[in-house]
Amino acid sequence: MERVVAVCRLLFGLLTLAVAGCGSGDLTLSQADPDIVARSPAWEVVYPIFQRECIPCHTGTEDSSDEPDEDDSALAARSAHGPSGLRAVGGVEPGLESCEAIQDNLDDIFIDIFVDNNMPPGAWPRLTSREKLIIQRWIDNGAEGPCN
Amino acid sequence: MQLGRCLMLVALFALLAGEAVATPIYAARSARTCDNCHVTPKEWDNPPLAERKCNMSCQSCHVDPAGGGMRNASGRYFGRSTLSMIATSPRPTNDWDRNVSFVGRRDRATTYNDDLPLGPKTFEEAAAFADAVNDGWAWGTPLGAPTRYGLLAGRYGTLNPDPVFRVGTDVRFAALLSGSLAFPMQIDIPVVFHPVHHFTVLANTGARGRPSGYSDTFDQDHSFYLREAFAMVHEAPYQAYVKAGRFVPSFGLRLDDHTALIRRGFELDGALPESRVSGVEVGAMPNYPFLNASWFRMAARQRVPDAWDITDVDDGWGSAINAGWRDLSWSVGASALIRRRPIPEGGDTSSYGVYGVVNPWRRWRFVPLTYQFEYDYGSFQRSSGAESQQAALYQEIQWVAANGVTLLAAHDWEDPDTEIVDDEAHRLQTGVQVSPISGVTLDGRFRVLVPAVGSADSDIFLQLHLWQ
């Protein structure tokens, strides 16, 4: 029996080591393939990503525009906010179903996606490199949408 | 540092190794005893190889020879006799002493003595058992003379082995303790029509659950769609078959976890209509080799095909082959899948996979352990036309602690683009499956995702699976 368990552990360990050795590449998607997404993605390209990856949880359009921008102390106190890190309003996760709500939470969206990489939450797969590049370029170009 | 933390988690996971929900693993561990798939085979003489139906391939338990979905009489018998805490078909004798203590011997169909039910010893004897069939989910007998290549009456207790009409159901409710979501994850209503021997039509209408709630599940476009719809000629020598219609190409292990990282990036997510193709598949399982091969056309990668029109495809074509050897306590297999289509429709992909299973439980009765793995690698075209590669791994250990109670542990890994830095992720799961009675399974998992950058995060995933 010990031998069997040892064999299984060996298989598990070998595969794990093999995978650990398969490091990823060394380029960002923007460096490797700069034309894979538009230089200035349109809202029509960006919003479906929010629809697919964010709005299933962040339903509604409640925003947090009355709250001050997040500063260092607020970052440190993120645990007081919702599990996503997005500022909760009255204990409710902000909705991201409207252009206005997305604009009002843009700083937190940036931190969650590009700094903490913790959205979608839990063990759900994170955004793909392509989705991140679309959002990053959209923000870099002024985050234009139908509401601004 | 990220890699070190990840490896520590993997090592911890290895130490805690227990089991996950993956149906191919049922087949892998079923060969430890014969009477978990049919009534006790005393004095059974194996028929010629061409007539053998009992093997470790998907068709042993499922109507679809490539696996998944509606179970046939053998699969239903396995669910009643072996999977659950309380058996409603006779419990395999090897499992008589494996009931959970508080359940005891409440099995409805098990005598716990030598007075065990017996099935037919030969094809000729099976006709005498036809009157014993009493099945509320499967009706009738196909037209034509009985075939030696179909399932035999009496081998599965009172279950109808070869019905004209069969209706099934598969419902999964899920709760995710991270976003505090509860949603109907999946609803399937498969129907099988088998008017004459050697010919079957299967239509499985299903819906994707929406994390945003019940209303979205039922209201959104394409919530309900034909997940599988095909006509099939089967019950042939060596369990050969030909089917034509909509299906998911046979590739690697057919897991019931549609979020598995070995499936999503390779366009084989079992929950999505986008993963369905329309084409022809042929195969055979002459005990123990197996082969499934298909040629198909498909909708563009980012386009959801029509829910009901199974001919709704775009330009391009694909082909898949899945072959290997499934022995009594181990199996190995290899798969290849290519898609050739214009770049705006998703571009070309070439995917290759190897997989295997080890089931020491067959030889060591007190080691109810099963291990399986799959490693996939392939090329794809980005939307810019540039080519790159992706890779993914899945491995899983199951420990059947008692009848109907299974501990699980699983490890996923993916590198969705090998040229891009920091896009890979590991996912670890550990949990328990409890099946109190056939058709009901409760599944609880603690899952951890470890992305290459950013923080690891966890959730608890609970699922109630009702099936028949």
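Two residues are in contact here when heavy atoms of theirs lie within 4.5 Å of each other. The model described below is a predicted one.

B:Val332 belongs to strand β11 of chain B, which covers residues 330–340. Apart from neighbours within four places in sequence, B:Val332 is in contact with B:Phe290, B:Gly324, B:Trp325, B:Tyr355 and B:Gly356. Another residue, B:Val358, stands 26 residues away from B:Val332 along the chain, and their C-alpha atoms are 9.2 Å apart. Because its relative accessibility is 45%, B:Val332 counts as partly exposed.

**The two chains**

Chain A is made of seven helices and zero strands. Chain B, in turn, has six helices and 18 strands. The table sets out some totals for each chain.

| Chain | Residues | Buried share | Accessible surface | Share of surface on carbon and sulfur |
|---|---|---|---|---|
| A | 148 residues | 46% | about 7,400 Å² | 54% |
| B | 468 residues | 57% | about 17,900 Å² | 62% |

In chain A, 64% of the contacts between residues at least 6 apart in sequence join residues at least 24 apart. In chain B, 59% of the contacts with a separation of 6 or more are between residues 24 or more positions apart.

In soluble globular proteins, nonpolar side chains tend to be buried together. The largest nonpolar core of this model has 28 residues, and those with the most contacts inside it are B:Leu255, B:Ile262, B:Leu268, B:Phe296, B:Leu337 and B:Tyr394. Four strands of chain B give two or more residues to this core: β6 (224–233), β7 (241–247), β9 (289–297) and β14 (387–402).

**Cavities**

Five cavities of 30 Å³ or more are present in the structure. By class, the lining of the largest cavity has 11 nonpolar, 10 polar and six charged residues.

The second largest cavity has a volume of about 60 Å³. Among the residues that line the second largest cavity are B:Asp35, B:Tyr77, B:Arg91 and B:Leu116. This lining divides into six nonpolar, two polar and two charged residues.

**Helix α6 of chain A and the loop after it**

Helix α6 of chain A spans residues 106–115, and its buried residues are A:Leu106, A:Asp108, A:Ile109, A:Ile111, A:Asp112 and A:Ile113. After α6 comes A:Asn117, which has a positive phi near 50°. A:Pro120 lies in the loop between α6 and α7 (129–140) of chain A. The peptide bond that joins A:Met119 and A:Pro120 is cis, with omega about -10°.

**Loops of chain B**

Chain B also has a cis peptide bond, between B:Asn287 and B:Tyr288, with omega about 20°. B:Tyr288 is in the loop between β8 (277–284) and β9.

The loop between β6 and β7 of chain B holds B:Tyr238. B:Tyr238 is not a glycine, yet its phi is positive, about 60°. With a relative accessible area of 39%, B:Tyr238 is partly exposed.

B:Asp422 sits in the loop between β15 (405–415) and β16 (425–437) of chain B. The phi of B:Asp422 is positive, about 60°, although this residue is not a glycine. B:Asp422 is partly exposed, at 36% relative accessible area.

B:Ala456 is in the loop between β17 (440–451) and β18 (457–467) of chain B. Leaving aside neighbours within four places in sequence, B:Ala456 is in contact with B:Leu449, B:Val450 and B:Pro451. The C-alpha atoms of B:Ala456 and B:His426 are 9.5 Å apart, and the two residues are 30 residues apart in sequence. B:Ala456 counts as partly exposed because its relative accessible area is 30%.

Terms used
Residues are numbered from 1 along each chain as its sequence is written. Chains are lettered from A and ligands numbered from 1 in the order in which they are written. This is a predicted model: local features need pLDDT of at least 70, side-chain atom pairs count only at pLDDT 80 or more; totals for chains, interfaces and linings use all residues. Side-chain values use heavy atoms; hydrogens and water are left out. On a 1 Å grid over the protein atoms alone, a cavity is a set of points where a 1.4 Å probe fits but cannot get out, and a pocket is an open set with protein on both sides within 12 Å along at least five of seven lines; lining residues have an atom within 4 Å of a point. Grid points are joined across faces, edges and corners, and a volume is the space filled by probe spheres set on the points. Ala, Val, Leu, Ile, Met, Phe, Trp, Tyr, Cys and Pro count as nonpolar, Asp, Glu, Lys and Arg as charged, and the others, Gly among them, as polar. Buried means under 20% relative accessible area, exposed over 50%, partly exposed in between (1.4 Å probe, protein chains only). Accessible areas come from the Shrake-Rupley method with a 1.4 Å probe; for residues, only the protein chains shown count as cover. A nonpolar core is a set of buried Ala, Val, Leu, Ile, Met, Phe, Trp, Tyr and Cys residues joined through side-chain atoms within 4.5 Å.
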